[in-house]
Amino acid sequence: MATTTLTRAQPRNRVRWWQSRRFGNLVHDIVVYSLLVFLSLVFLFPFYWMILSALKPDYKIFLWPPEWLPHPALWSNFLAAFANPLLPFPLFFRNTMIIEIGMIAGRLISCVLISYGFARLEAPGKDTLFAILLATLMLPDAVTWIPRYILFSRMGWVDTYLPLIVPAWFGEAYAIFLMRQFFMSIPRELEEAAVLDGANTLQIIARIIVPLSRPVLAVIVILSFRDIWNDLRTPLLYLNEVTKYTVTVGLAYFNGQYDTKMNLLMAASVVCMLPVVILFFFAQRAFVEGIALTGIKG
Amino acid sequence: MATAILPKPPARRSRKARHDTIVFYLCVAPWVIGFIAFTLGPMLYSLYISFTEWGMLKPPVWVGMANYTRAFQDPDFYISLKVTSFFTVFSIPVSLLTALFLAILLNEATRGVGFFRTAFYMPAIVASVAAAVLWTWILNPKYGPVNGLLRVFGLPGPNWFSDPKYVIWGFIMMSAWNVGGQMLIFLAGLKGIPKALYEAAEIDGGGRWPRFWKITLPMLSSTLFFNFVMAVIGSFQTFDIAYVISTARSGTLGGPAKATLFYMIYIYSLAFKGFNSMGYATALAWILFIIILILTLIVLRTSSLWVYYESEKEG
Amino acid sequence: MYKQFRPSGSFHQISSRLFLLVVVALVAACAAPVAQQTGGAASGGQAAASGPTSIRISCWESGDALEPFKNSIDAFQKENTNIKVSLECIPQEYGTKLLAQLAAGSGPDIFQVGDGDVAKYVQQGAVQPLDDYINGKDGLDMNVFYPNVAKFGQVAGKTYFLTKDYSPLILFYNKKLFDDAKVEYPNENWTWDDLAAAAQKLTKADGSQWGIQLPDSWGDLTWLRGALPIIYQNGGSVVSEDGKTTTGHMNSPETVQAIQWYADLVLKDKVAPNKADIDALQGVDLFQTGKVAMLWTGRWPMKDFQSNKDLKFGTTTLPAGPKGKANALCWAGFTINSASKNKDTAWKFLKYIAAGDGAKQFANYALTAVKSVADSQNLAKDEYNAPVIKVLDDVKPLPEFTTPLWADCGDKAYKAAMEEIFLKGTAVQTALDSAAKDADACLAK
């Protein structure tokens, strides 16, 4: 313990060593990191079981006490999970990515524009529109599945990706609400300077708003990605041909009617998670920088 | 905030105001068009359906207010309201506090943050089919880790998913595990608090704890507010959690003994499993719409009491 | 001044707009226009002008169960080069999607329906009566099917569905466990008492083995279909023949006595796993792992059992109750969409998979309704399948046949009563009395 150094470093009489900054930082870091390590173990523990189950024969999954290290590890489960010719997972993965990219691009572009309008501009009818926007989140969607299906069916969009992608290009209430909240935190002074330089609205959005909103844009990308990744119902409803299915639909096929091959389901789930984990790992870096710029006093 | 402070635009509007109006409508045009094209029609159609008897296979038959009056005599309507409210009242504080706590911890850390962020977000990524299987194991009455832990403390573990008294607590635990989205939003909010405020506090000699109460929490209250509003709206529409668990366990939707008969589960089973009851299901959905609307209103109206506005303080 | 992103001050304005919406919605709710909907199916698939005719068939299958579909479609298309059949199967939300498609007028030409939904689809006119096709030029002799099975596709004397597959309930038993306990194997002459006595002897006090796993919906003791044979074996019933009354049926002394016997096996004698045991062993095949000596269920797991080299098992018919033998089927059938544009082509394919060469493909996966196909598989003589064929004579009609409201009213009330009995220990008579009362109130609507 660096007690002596700490005591010597006491700047004022009333500050004891345990109140000193360095000791405080040390305690703080110990507390923070022990909590982080403990909680991340709690959060990750089920995933360990998931991987474990993916490496076991079916009948061993629910044995007690569990085999904490599978021996022998059945790596062949991973091959078996993806061997079914009826379930072409690489194709499902490609399909999912097409939808993800089409949908996220649309949502980002449209929502930035729409949210800027709601956050910054004054116009008659604005509050009514925003109230309607919030209200659209409140009607349970189960009762609009059928009317929506009829609508898209009449438009000839069934069995295409259009019902999954196109609506995103017209904004999404949750993302608009969230983005609007963040945009309103950006000091107007920055824009005013740009206006003086002769920038138009689109230029202001592109040059000032977007760079300053990286954390919230990252949140929206991550959450939108998850929306599609975990959506089972919409693709099931609108897509008819197996070759158009998404990864989640493919996973649902493991849940057989009379028997579920748990180990294969787990193996497939683990593999399907990996790309998303990697994507998240990179996307979350947007939190590091970004808003540091906004510490500007008005 | 400007919108609140500025008076309503006067009758004689300036060029700037006209310009702003035009730009505003250009900006929000995609949403207005999308709303009219994809949402308004289905919403109005569902409103019409709520006054009919409809099985989706034949044209709907007008029944007037019958579906709405039926709800108030339907014991399952009250059960589903009770289940949903109970879940909402407990799951919102539990999951919001978990998310907030994780976000603050992550914000305090300096090294390996990426790893920890990913760890806490992982539950949000796992396919719901697999998550449901995971939870049937975690809460397995004999062989699950939760009851294993309870046994260590000499407590008898309940039979989670088939005990009507405990099943909802199992769901609350699940919702606390899956808070990645809310956590990220808190994190983005924390990143938005200007360092200058903390620096100023440090000069004043404030400790970590006072700093948290005096700066972090007030500055975060608007993020908390966003998450809270969305949680209220979302929680009343809880569906997936109960649906995937009952699918994974091949159990009764809403069971055991109606203990997980969430409002949306009831609507779903009426709409798609029932006979000719899409109209009634839709009426229930509109009743829920009104309930959520009123609750959101209450939250919005009371927000000034607990949401900190820097602009108001500074006048 | 720095501004943290905040809900704007204008929330007061927004909230008043929301308040306005409440008012508008309430007003709309009271005074919505009496719009008359034309509704109905607008247009199905395209009629064949020239070139190959396309038809679509939908199913809820996944995994191996898709193979008979694929194989029979391939073979059919080889014989009929001018017809293209596309297969649309989804593993979940089948019913939701089918309803959406039919409501939008874009339903498949052929689809499958489970026994519980037959009355609903027929009553709503979504399915094509097949009698004209059966008696037409390209007709079908209905005598090729087991009569008790074919009946499941008929409503009021008309045929709407041809059988896809089905299963009665039978009793599986683990020979090794019977040998170990020195108990005689179950046979076709067994009664309820024989079954209960054997189950007692095969139950181990330490909880490692039970005598029998009861008819359950994969873990749910509330499954009516599985318990229906017991009710019938005691001369009970659950609903009147006109489908309007359950009082005096669902709570009749015969039915109460039957359910009492069933519940006692779990709660009093403890020779069958209860809810907690089933939960704990979620995901474990109790029969294959030797945790239960007998299994009362459909024919579905037989293939798995046969492929398990370590398992020595036998099958027999359900025991006879005080009023003799009775059984119930789980059944699924194919039908033609009444809005299909290509009904003649659809019939051709339907006939092929339900009674023609396609039926042989389906017979490899599940039980066939075509007698000649079953004979070619030697089912009636096969040691495992003989009881399955034998009990077809004992099959009784389902409550689902009497009213399309059965699932909403009768089944729901029964489930609630069984949950009361198994989870809360409510007396059988009390629980079924209140179930009958609820079901009647619901059916009267």
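The model here is predicted. Is C:Tyr262 buried or exposed? A residue counts as buried if 20 or more other C-beta atoms lie within 10 Å of its own. C:Tyr262 has 24 other C-beta atoms within 10 Å, so it is buried. Leaving aside residues up to four places away in sequence, C:Tyr262 touches C:Leu214, C:Ala227 and C:Ile230. Another residue to look for is C:Ala272, which is 10 residues from C:Tyr262 in sequence and 9.7 Å from it in space, C-alpha to C-alpha.

**Chain C as a whole**

Now step back to the chain around that tyrosine. Chain C has 445 residues, and 52% of them count as buried. Its secondary structure comes to 18 helices and 11 strands. Take the contacts in chain C between residues at least 6 apart in sequence: 75% of these join residues at least 24 apart.

**Strands of chain C**

Strand 11 of chain C, residues 329–336, is mostly covered, with 8 of its 8 residues buried. Which residues point each way from this strand? C:Leu329, C:Trp331, C:Gly333 and C:Thr335 point one way, while C:Cys330, C:Ala332, C:Phe334 and C:Ile336 point the other way, and all are buried.

Strand 11 of chain C is joined to strand 3 and also to strand 6. With strand 3 (residues 110–114) of chain C there are 5 bridges, and the two strands run antiparallel. Strand 6 (residues 162–168) of chain C also runs antiparallel to strand 11, and 6 bridges join them. In general, strands of a sheet pair through backbone hydrogen bonds, either parallel or antiparallel.

Elsewhere in chain C, 4 strands form an open sheet in the order 8-9-7-10, with mixed pairing. Strand 8 (210–213) and strand 10 (313–316) of chain C stand at the edges with a single partner strand each, so one side of each has no neighbour in the sheet. On average, neighbouring strands of this sheet are turned by 20° against each other, direction ignored. Within the sheet, strand 7 (residues 170–174) and strand 9 (residues 292–297) of chain C pair in the antiparallel sense over 4 bridges.

Here are some bridge partners to find in the structure.

| Residue | Bridge partner | Strand of the partner |
|---|---|---|
| C:Gln112 | C:Phe334 | strand 11 of chain C |
| C:Ser167 | C:Cys330 | strand 11 of chain C |
| C:Leu171 | C:Trp296 | strand 9 of chain C |

**Where chains A and B meet**

Let's turn to the other two chains. The contact takes 82 residues from chain A and 79 residues from chain B. Several elements of chain A give two or more residues to the side that touches chain B, among them helix 4 (89–120), helix 8 (173–183) and helix 11. Which helix gives the most to this side? Helix 2 of chain A does, with 13 residues. The residues of this side of chain A divide into 58 nonpolar, 18 polar and 6 charged.

One pair of helices across the contact is helix 5 of chain A and helix 2 (residues 15–49) of chain B, whose axes come within 12 Å and cross at roughly 40°. That angle makes helix 5 of chain A oblique to helix 2 of chain B. Their crossing is left-handed. A:Lys126, A:Leu129, A:Leu133 and A:Thr136 of helix 5 of chain A meet B:Phe24, B:Val28, B:Trp31, B:Phe35 and B:Thr39 of helix 2 of chain B. The residues of this contact divide into 6 nonpolar, 2 polar and 1 charged.

Helix 6 of chain B, residues 128–138, has 10 of its 11 residues buried, so it is largely enclosed by the rest of the structure. Its buried residues include B:Ser128, B:Val133 and B:Trp137. What covers them includes helix 2, helix 13 and helix 14 of chain A, together with helix 8 (167–177) and helix 12 (240–248) of chain B.

**A helix pair inside chain A**

Finally, helix 11 (residues 214–229) and helix 14 (residues 262–283) of chain A pack at an angle of about 170°, with their axes 10 Å apart. These two helices of chain A are therefore roughly antiparallel to each other. A:Ala218, A:Val221, A:Ile222, A:Phe225 and A:Trp229 of helix 11 meet A:Val276, A:Leu279, A:Phe280 and A:Ala283 of helix 14. The residues of this contact divide into 9 nonpolar, no polar and no charged.

Key. Residues are numbered from 1 along each chain as its sequence is written. Chains are lettered from A and ligands numbered from 1 in the order in which they are written. This is a predicted model: local features need pLDDT of at least 70, side-chain atom pairs count only at pLDDT 80 or more; totals for chains, interfaces and linings use all residues. Axes are lines fitted to C-alpha atoms, for helices over the stretch in contact, and angles run from 0 to 180 degrees between N-to-C directions. Angles under 35 degrees count as roughly parallel, over 145 as roughly antiparallel, 65 to 115 as roughly perpendicular and the rest as oblique. Two residues are in contact if their C-beta atoms, placed from the backbone, lie within 7 Å. Ala, Val, Leu, Ile, Met, Phe, Trp, Tyr, Cys and Pro count as nonpolar, Asp, Glu, Lys and Arg as charged, and the others, Gly among them, as polar. A residue is buried if 20 or more other C-beta atoms lie within 10 Å of its own, exposed if 12 or fewer, and partly exposed in between; C-beta atoms are placed from the backbone. Two strands pair if DSSP finds at least two bridges between them. A crossing is left-handed if the near helix is turned anticlockwise from the far one by less than a right angle, and right-handed if clockwise.
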